[in-house]
Amino acid sequence: MLELAGVGKVYSSINGEKIEAVDNLSLVIVENELVCLVGRSGCGKTTTLRLIAGLETPTRGRILLSGKKVEGPSAERCVVFQRYTLFPWRSVLANVAFGLEMQGVSRAEREKTALDYLALVGLEDQARAYPVELSGGMQQRVAVARALATDPQVLLMDEPFGALDAQTRAVLQQELMRIWRVDRKTIVFVTHDIQEAVLLADRVVVMQGPPGHIREIIDCDLPRPRDRNSAAFMDMSDRIHLLLEGAE
Amino acid sequence: MRVIKRIGHHARRFVLPLVLAALWQVVALWLDKQTILPRLDAVAAVLFHPTAKILITGSLLENMAVSLLRVILGFLLAVITAVPLGLAMGYFKTVNHMMDSTVEMLRPIPPLAWVPLILAWMGIRGVPDMLPFLAASPIWSGIQFSTLAIIFIGAFFPILLNTIQGVHSIPREYIESARTLGAKGWPLLVKILIPASLPLIVTGLRIGLGIGWMCLVAAEMMPGSSSGLGYLIWYAYELLRADIIVAGMVAIGVIGFFMDRGFRRLESKLFWGGMG
């Protein structure tokens with residue numbers, strides 16, 4: 001269970017100016033749940049994800065993972081970013097094995113595990129390739145495999161498909177759903193794409209700001225696999241859309 | 001047809017040097033003053049007998065070897081100091097804050113301006129003064145600390161600045177991904193920071209080596225120097241042997257060219273520079 005209790009983040013610039021990025025945010029995410037944070041840019045959703053990752057320290061409140069306070073980044077809370085995700089000087093296999101290498105797992109063992117996860121995302125035949133040789137969509141799939149390979153408690157995704165074209169994005173959303181069924185992680189997924197959120201999430205957290213706070217949490221209980229063209233899907237998208245417009 | 005086209009393409013590079021050489025030779029023959037403008041055949045005679053003893057110094061090859069050793073030693077000293085400092089200044093804002101103004105003040109001082117002070121500090125002491133077993137070696141006996149210091153200063157700043165720039169150019173995502181995969185401390189430095197900034201570090205090495213090489217003549221002009229291409233050029237000047245001067249200049253140019261080529265090769269292999 002991931003728990004955010006009264007979390008606030010204030011950045012102070014060099015000239016003493018204070019910027020409130022997140023204000024009094026409380027949220028409980030249960031195990032194996034896929035939660036999407038949606039909101040327009042600058043609403044504090046990425047800051048919230050970075051706070052959970054431990055890449056930022058909250059100035060107020062606390063974040064607990066399985067009852068333990070989050071302090072600094074760790075392989076328990078792995079992040080998949082939108083761009084520059086893979087290390088270009090390492091082969092695909094060495095990228096996926098990186099987390100295990102940091103844990104001191106032996107070479108043979110970590111490469112075997114890495115191959116398993118590459119197979120999970122359908123790229124085992126690209127193991128020896130280098131990231132530049134892969135398309136953007138393939139790179140993001142490798143990034144997902146790399147994040148899963150260390151078996152994190154929570155997978156954090158910061159608009160991971162945001163830089164991809166519409167077709168590739170749709171394919172990867174389906175892929176993520178397939179992978180999530182096989183390797184069911186707690187996922188916090190940041191996006192500004194309402195349809196993406198409705199397609200993926202168990203719950204959609206609609207954020208507004210700055211300073212970032214929760215406008216509403218919507219239970220997204222549509223049956224899976226979800227159909228973008230169904231009336232229920234469009235109703236839910238419209239509802240979130242209205243909430244975001246009202247947030248102006 | 002394509003073969004002819006390719007030969008033509010490469011031939012274009014040689015047109016200008018050949019025209020200049022011909023012009024040189026014509027003027028030299030017309031002027032007929034070897035001390036001012038040596039004939040090219042005289043220069044070539046020096047260059048094509050690299051193992052022959054020149055004046056009372058060693059052969060051209062020996063002088064090249066001494067010069068190369070000096071530059072490589074001075075360059076290596078610069079690498080082992082500038083790269084770690086650059087990594088620290090690039091990564092830690094506080095280190096950068098502490099060092100930045102000092103570096104920026106020292107950087108514009110030409111290596112040549114350091115010569116008097118360095119001579120006052122180091123005199124003509126050489127490596128064999130510290131490591132006596134090298135005194136018998138004809139090459140090592142000629143390596144003075146002052147020479148190395150001048151080359152070091154020349155090579156240091158380009159390496160430092162490019163390393164800092166290299167760290168700054170790393171996309172934040174590389175470091176943050178690595179940290180959320182459990183990397184920190186030494187592994188983060190060795191597995192992420194260094195490889196990610198390597199393309200620019202290598203550019204710094206190339207420029208640093210080039211500038212170190214250019215400082216060579218100045219460094220070998222200093223008292224106590226009795227070998228090397230720079231020394232050869234000055235010694236030949238005193239004897240008004242322009243053919244040897246030009247041969248020495250050509251040797252410096254050719255070696256500099258190939259060192260630069262080697263590093264450019266390496267740079268182009270580090271293809272990830274700036275790519276995601």
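This passage describes two interfaces in a predicted model, one between chain B and chain A and the other between domain 1 and domain 2 of chain A.

The size of an interface is often expressed as the accessible area that is lost when the parts come together. For chain B and chain A, the area buried between the two is about 2,200 Å², and carbon and sulfur atoms give 71% of this area. Within the part that chain B buries against chain A, a share of 31% is supplied by B:Tyr174, B:Thr180 and B:Leu181, which is more than any other three residues supply. In terms of residues, the contact takes 28 from chain A and 21 from chain B.

A salt bridge joins the side chains of B:Lys191 and A:Glu101, with an N to O distance of 2.6 Å. The count of residue pairs in polar contact between chain B and chain A, with both residues at pLDDT 80 or more, is four. On the side of chain B that touches chain A, the elements giving two or more residues are helix H8 (172-180) and helix H9 (185-214) of chain B, and the largest share, eight residues, comes from H8(B). By residue class, this side of chain B divides into 12 nonpolar, five charged and four polar residues.

Within chain A, the domain assignment gives a domain 1 that comprises 2-76 + 154-246 and a domain 2 that comprises 87-151. The centres of these two domains of chain A, taken over C-alpha atoms, are separated by 25 Å. Domain 1 of chain A places 13 residues in contact with 13 residues of domain 2 of chain A, and the two domains bury about 1,100 Å² between them, with 69% of that area on carbon and sulfur atoms.

Across the interface of domain 1 and domain 2 of chain A, two salt bridges are found. A salt bridge is formed by A:Lys185 and A:Asp151, whose closest N and O atoms lie 2.3 Å apart. Between the two domains of chain A, four residue pairs are in polar contact, both residues being at pLDDT 80 or more. On the side of domain 1 of chain A that touches domain 2 of chain A, strand E7 (154-158) and helix H6 (166-182) of chain A each supply at least two residues, and H6(A) provides the largest share with six residues. The residues of this side of domain 1 of chain A divide into eight nonpolar, four charged and one polar.

Definitions and conventions: Residues are numbered from 1 along each chain as its sequence is written. Chains are lettered from A and ligands numbered from 1 in the order in which they are written. This is a predicted model: local features need pLDDT of at least 70, side-chain atom pairs count only at pLDDT 80 or more; totals for chains, interfaces and linings use all residues. Side-chain values use heavy atoms; hydrogens and water are left out. Contact means heavy atoms within 4.5 Å. Buried area is the accessible area (1.4 Å probe) that two parts lose on being put together, summed over both. A salt bridge is a side-chain nitrogen of Lys or Arg within 4 Å of a carboxyl oxygen of Asp or Glu. A polar contact is a pair of N or O atoms within 3.5 Å; within protein, one must be able to donate a hydrogen and the other to accept it, and residues adjacent in sequence count only if both atoms are side-chain atoms. Helices (H or I, at least four residues) and strands (E, at least two) are DSSP runs, numbered from the N terminus. Ala, Val, Leu, Ile, Met, Phe, Trp, Tyr, Cys and Pro count as nonpolar, Asp, Glu, Lys and Arg as charged, and the others, Gly among them, as polar. Domain bounds come from an automatic or database domain assignment.
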